[in-house]
Amino acid sequence: MAVGKEILTKIRSVQNTQKITRAMQMVSTSKMRKTQERMRAARPYAEKVRTVMAHLAQANADLGHPLLARRDVVKRAGIILVSSDKGLCGGLNVNSFKRFYAKVKELQDQNVEIDVCCLGQKALAATQRARLNVVASAVQLGDIPKMDKLIGPLTVLFKQYAEGELDAVYIVYSGFINTMKQEPTIEQLLPLTPHHMVVEHSHSWDYLYEPDAPSLMEFLVKRYLESVVYQALAENMASEQAARMVAMKAATDNAGNTIKQLRLVYNKARQAAITTELSEIVAGAAAV
Amino acid sequence: MSKMHVEVVSTEQLIYSGEAEFLVAPALEGEIGVYPRHVPLLTRIKPGVLRMTVPGSKEEVLVAVSGGMLEVQPTHITVLADTAIRGEDLDEARANEAKRAAEESLQHATDDLSTAKAHAALAVAIAQLKALDYLKKRVH
């Protein structure tokens, strides 16, 4: 008796999908732990660079490095947009993009032109769709944030800033708050705001510099900015895994519910078919 | 003998942390040796090997770094290590590659970058060879 063959096929197909989503959920869970560790591992460097930089800035007030230049009128701004390479991570990228487009609109309303630097496949696709001017990009970043891949795109932006083509640089990424919560975050990278340069030392002393203070400052400023972007990327990756884990858990649960409902429909149809057949036999017997 | 605390950090991780009695680093303008209570010093370092004398051990500790910055304070030393080999040319090549990637949305490495990458790989290999050389010398 072939009742509800279509329903059975459907159940089987949902079961297969559920297997995939469950596997993805488990993969994300294990990756998430690693990405979170990496996120934390990047912190000591950023803090150290900031301390040294603050001290250097205090000891040599007038360094005049192009990356430290402050511009009164902003004509052109650069935005670094960080996203994941792959999808299936819930609203993670969409939320970041919303934040990004809001900033783009705000700047465009002030007649500011915009250059975008994309980190991640999804960011590149979205900005190209929106016909924004993409000046640099890095995609296929993998599960481990690699400094090597960031240097290129960042050099492009920082050079433009140093040459006066850009007057401000922002970064948009998905900040990791906890497993259940990721928040799209926007930060101003350049010009460096005073809170980047917190000075803790009150007594005055100075380093010996080799070769000289300005070139060391340039080195530090670059490394500092890179480490901020690296940190953002690491956080975005942790967010991605967390978001994917939650999204896949929801998908697995939904598949379970769908299977339950389909089973119910299938059983009812089977029961109905049996009843009909029985009543037909009984009616037939009565007629004889 | 007095000691100093040495930390080698990179953007990606903490590479080394521990006590040392003496440290030699490949500074940009030549090797420098640092004993505890050194005057505060800030310098850039080249790709190479950091050598440390550790209290209670005859073996020197070696840490290979691909360039970075050395900060010396009287009781502690911090090495801000680069994770990738850096250089004007190389950064430039990387920048061009990123631009091209944006323009074409392609992932192919171009000749420009592969040359620069080869140079970088060479520099790393040389740093490692130096470490090996040093180890060999010590054995004999």
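**View 1. Q140(A) sits in a loop and counts as partly exposed.** At 41% relative accessibility, Q140(A) falls in the partly exposed class, because that class lies between buried (under 20% relative accessible area) and exposed (over 50%), worked out with a 1.4 Å probe on protein chains only. You'll find Q140(A) in the loop between β3 and α5 (147–162) of chain A. Helices (H or I, at least four residues) and strands (E, at least two) are DSSP runs, numbered from the N terminus. The phi angle of Q140(A) is near 55°, a positive value in a residue other than glycine.

A quick note before we go on: this is a predicted model, where local features need pLDDT of at least 70 and side-chain atom pairs count only at pLDDT 80 or more, while totals for chains, interfaces and linings use all residues. Residues are numbered from 1 along each chain as its sequence is written, chains are lettered from A and ligands numbered from 1 in the order in which they are written, and side-chain values use heavy atoms, with hydrogens and water left out.

**View 2. R131(A) is an exposed loop residue with a positive phi.** Its phi is near 55°, and R131(A) isn't a glycine. Look for R131(A) in the loop between α4 (121–129) and β3 (133–138) of chain A. Is R131(A) buried or exposed? With 74% relative accessibility, R131(A) counts as exposed.

**View 3. A cis peptide bond joins L190(A) and P191(A).** Omega for this bond is about -5°. P191(A) belongs to the loop between β5 (181–190) and β6 of chain A.

**View 4. Strand β6 of chain A pairs with β5(B).** Three bridges join β6 (residues 208–210) of chain A to β5(B), and the two run parallel; strands pair if DSSP finds at least two bridges between them. Which residue is the bridge partner of E210(A) in β5(B)? That's T43(B).

**View 5. D82(B) and R223(A) meet in a salt bridge.** Their side chains come to 2.8 Å, N to O. The count between chain B and chain A is two salt bridges (a side-chain nitrogen of Lys or Arg within 4 Å of a carboxyl oxygen of Asp or Glu).

View 6. Contact here means heavy atoms within 4.5 Å. The size of an interface is often given as the accessible area lost when the parts come together. The buried area is about 3400 Å², and carbon and sulfur atoms give 61% of it; this is the accessible area (1.4 Å probe) that two parts lose on being put together, summed over both.

**View 7. V65(B) is a buried residue in strand β6 of chain B.** Its relative accessible area is 5%. Leaving aside neighbours within four places in sequence, V65(B) is in contact with several residues, including V8(B), I45(B), L50(B) and A81(B). V65(B) and V8(B) are 57 residues apart in sequence and 9.0 Å apart in space, C-alpha to C-alpha. Buried residues make up 46% of the 140 residues in chain B.
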